[in-house]
Amino acid sequence: MPLSGYGVAAVIEKPILDVRELSTDYTVRRAGKWFKVHAVKDVSFTLAKGEVLGIVGESGCGKTTVGRSIVRLAKPHRGKVIFGGIDIFAAAPDELRRLRLKIRMVFQDPFASLNPRRSIGDSVAETGDIHGLFESRADRWRQVENTLKYVGLDGSFATRFPHELSGGQRQRIGIARAILPTPDVVIADEPVSALDISVQAQVLNLLADLQEMMGLSIVFISHDLGVVGQISDHVAVMYMGRIVETAATRDIIDRPIHPYTRTLMAARPKPDPKIRIKAGIETAEPPSQLDRPLGCPYAKRCSIATSYCVTNAPPLRTLVPERMVACHNV
Amino acid sequence: MLRVSDLSVSIGTSADFVDIVSSVSFEIGKGEVLGLVGESGCGKSMTSLAVMGLLADSGPWLRTGCAKLEGFDVIRLPPYRRVEFGHGGIAMIFQEPMSSLNPVMRIGEQIEEAIWVHEKIAGATRARRARELLDMVRIPDASVQLGAYPHQLSGGMRQRVMIAIALACKPQVLIADEPTTALDVTVQAQILSLLRELCDSLGLSILFITHDLGVVAQLVDRVAVMYAGRIVETAVVAQLFERPAHPYTEALMACLPDPAHYSRRLTTIAGHAAKPGEVTKGCAFAPRCRKVAEICVTNSVPYEQLSGDHRALCRFPDTGLQP
Amino acid sequence: MNGAFRSLLVPFTGRPIAALGLVALVCITAAAIMAPIIAPYDPSKIEPVFRLLPPDAAHWFGTDQFGRDILSRVIYGTRLALLIGIGVVTFALITGVPAGVLSALFPRFGSVVMRIIDVLMSFPALLLALGLIVILGRGVTNAILAIGVVYLTTTSRITYGLALRLRTEAYVEAANSMGAGVVWTIRKHILPNLVSPLLVQASFVFAFAQLSAASLDFLGLGAPPEIPSWGNMLAEARIFITRAPWLLFFPGLSIAITAFSLNLVGDALRDRVDPRFREMLSGNRR
């Protein structure tokens, strides 16, 4: 029986990444008063080796903070991220250095995430350079060329500069940078959101190819359910800092259970004029992050909320194997 | 009824120019929503800027074409006549409401400012009208929100304010340039249904620019697909999705992830999007087209008129008839 | 190499006045280097017979009260001008840049350092330089140090602002996620992006250094009188204003032209530095 709060894969085999009760708060000052914002609250999930886990949610749900915490760009207040038996937040400096080689990130903005003054080759080789992994210049060059080929670009790109490349090409470079040397886990933070549809398709295919070829485990963060569904094996839906539902991709798409997931699915504009979104699926505004509801964060907008929901936060519980939902009423 | 004819926007000198928008023509009827769809660099935003007369003095310039609203060419109206016309009867909203709104002015003031430019009415009447506009765009607690600053509102609310400001001059046509791209999907759904409502109740014509085919399917009546500065297909929306005629439209739709049946890999379009001036002879899509023939590369492409309203810029459009 | 050189000239294409400034600077540098060859006379040679001669065929700029040829003194003066400029800019960069970068990366250290800089900046530039000269004593090196301290304040401020912004750039974050340490981040990401703005700043500092040095020399607190310096020449020319205005005119003009050219060059460079990342083309949407 899986322990509540932990993901599916804990049952099957030892997960490669085990996130436990990750919580990040920060305080803001508005109109003279201090507010505490729960950017991430008690987020727990596991990632099996070779699995692609999609984390989906709208802006402010905390998915980016979760991703950044896993690569230690953000420090949570509570919680652990266990990789290779160690909690990455408690790791010694040299252990941390090794960890950084194994858990890597692909960033959202293909323009901003590459230093405009460094050549493509330098950017791709940067991780290797920092950790002194290349035996010689020739070795470095060879590995850079290889990696570029893996992402579908010619070796000649190594001497070019970011401004000469299109957005799709830059994003491929971002991916190349994340896979040299081969990592175990890749956190992809909205990697295709800034790309055109046709380029998006190419990059998604690339990620899927690389995942198969290299046996990568990927956490794919996005606001687009369609994209997440395309590439993920499992999906976790986040709302206001919490995970509200997790399931296998097919299940979540075909039979969403949590009211918010259902709203997300319904609100997604389908490219089929025969299926038009029913007016009034959602009448309330998304709440401000400064609100700290005691109960379920979605209660104010939920169509099946009761007074119990407003005062009691629902835990993430397992409904059936491979299905977890945080709702009192399902 | 807005009729845009043979619009071309170019860069370079008049002797040596490159078209970034090439001979674009379309019409929008009263109360109709036309979607202008394309990927980045196809010229859709540039087209709308040209129609609004917002092309900067330096940079891309209007080479040919006109945009006739009720018979008057609004592009070439001098600024003072545009105001008389109610700003040419065309209003525009943009993608990022935060940059379009003045951060240090209250919402009410900004709406009143828009009203004042077009109708010199007294203060109290203006304030009332501002409230009415906020109600029209379904902002709750309109009287309270009039005193709010932009940063106090959410993204969806700000976009509604933008729409209210656009409606202040009682336009006949609203040009919306990717207004929901920066919004969450649930908020997007609300804005789209609001636009549909306004269209039906006010008889507003909308030119809706987007790259999102899903949004197009939701909102618009007719679609114009752009590629490399040209309109490559126009059709009624149902027709476009059921049977896209132009190979580019077809290929674009095939790229979309389909939740109904996720395939292992997505179909892609070979090559890269054509840059302005890259393809000088023949069809701009030829290098990437699966149906390309010799004649596509050597000769310029004519418009093929398919059934009724359906047109495609292709020699071999998919008409559904067996060859 | 050729490409890099050409790209340095790009800011000046199509801007004739700025190009003129560049040309003037080149001439001044050439004059400094070739002074012994092109100066018609020994600048320090005293010839009482020829004192206070107005400009003529033999002495293009005339002579001063000691009979020294003013043209030769002006030519030799370029050496001091360049020395001061280079010295001050080097000092300001060597001290200001690390101060600014480290302050941006280590906020607690930064708050202390920036407050010290604030204190220094609260003094009017010349007064601060004067105060330092009083402590250090007169002389060319001390003048360079004193003026250098004045301009390290602006340099460190600018570097601080730039480094703060660079620190939040996505590519710096990306480097951090890979395990980049502070040293790596500074070396590979921050410093290279500082080069252009600092080049602009350097040209302005160079210009202001001229004016400050000339003021110090004028007050007798800079270069000693035996070294040909435009400021000293002005000081000595004061009492002869009505009788021999050329004593004042040529060194004054030299200071003005040097500072002006440097400002023109700085403006041209600055207009090219603003990042222009607008790519309109495929694969990316705004």
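This is a predicted model: local features need pLDDT of at least 70, side-chain atom pairs count only at pLDDT 80 or more; totals for chains, interfaces and linings use all residues.
## Two domains

Chain B is divided into domain 1, which covers residues 2-220, and domain 2, which covers residues 245-323. The centres of these two domains of chain B, taken over C-alpha atoms, are separated by 30 Å. Where the domains touch, domain 1 of chain B contributes six residues to the contact and domain 2 of chain B contributes seven.

On the domain 1 side of this contact in chain B, the largest share, three residues, comes from strand E2 (residues 17-28) of chain B. The residues on that side of domain 1 of chain B divide into three nonpolar, one polar and two charged.

Strands of a sheet pair through backbone hydrogen bonds, and the pairing may be either parallel or antiparallel. In chain B, eight strands form an open sheet with mixed pairing, and their order is E6-E7-E8-E3-E9-E10-E12-E11. Strand E6 (90-93) and strand E11 (304-305) of chain B stand at the edges with a single partner strand each, so one side of each is left without a neighbour in the sheet.

Within chain B, strand E9 (residues 222-227) and strand E10 (residues 230-236) run antiparallel and are joined by six bridges. In this pair, B:Val225 of chain B stands opposite B:Glu233 in E10(B).

## Helices against the sheet

Helix H1 (residues 44-52) of chain B packs on the sheet, where the strands it touches are E3 (33-37), E6, E7 (173-177), E8 (205-210) and E9 of chain B, and the direction of helix H1 makes about 145° with that of E7(B). Helix H7 (residues 155-167) of chain B lies across E6 and E7 of chain B, and helix H7 runs at about 165° to E6(B).

Methods: Residues are numbered from 1 along each chain as its sequence is written. Chains are lettered from A and ligands numbered from 1 in the order in which they are written. Domain bounds come from an automatic or database domain assignment. Two residues are in contact if their C-beta atoms, placed from the backbone, lie within 7 Å. Helices (H or I, at least four residues) and strands (E, at least two) are DSSP runs, numbered from the N terminus. Ala, Val, Leu, Ile, Met, Phe, Trp, Tyr, Cys and Pro count as nonpolar, Asp, Glu, Lys and Arg as charged, and the others, Gly among them, as polar. Two strands pair if DSSP finds at least two bridges between them. Axes are lines fitted to C-alpha atoms, for helices over the stretch in contact, and angles run from 0 to 180 degrees between N-to-C directions.
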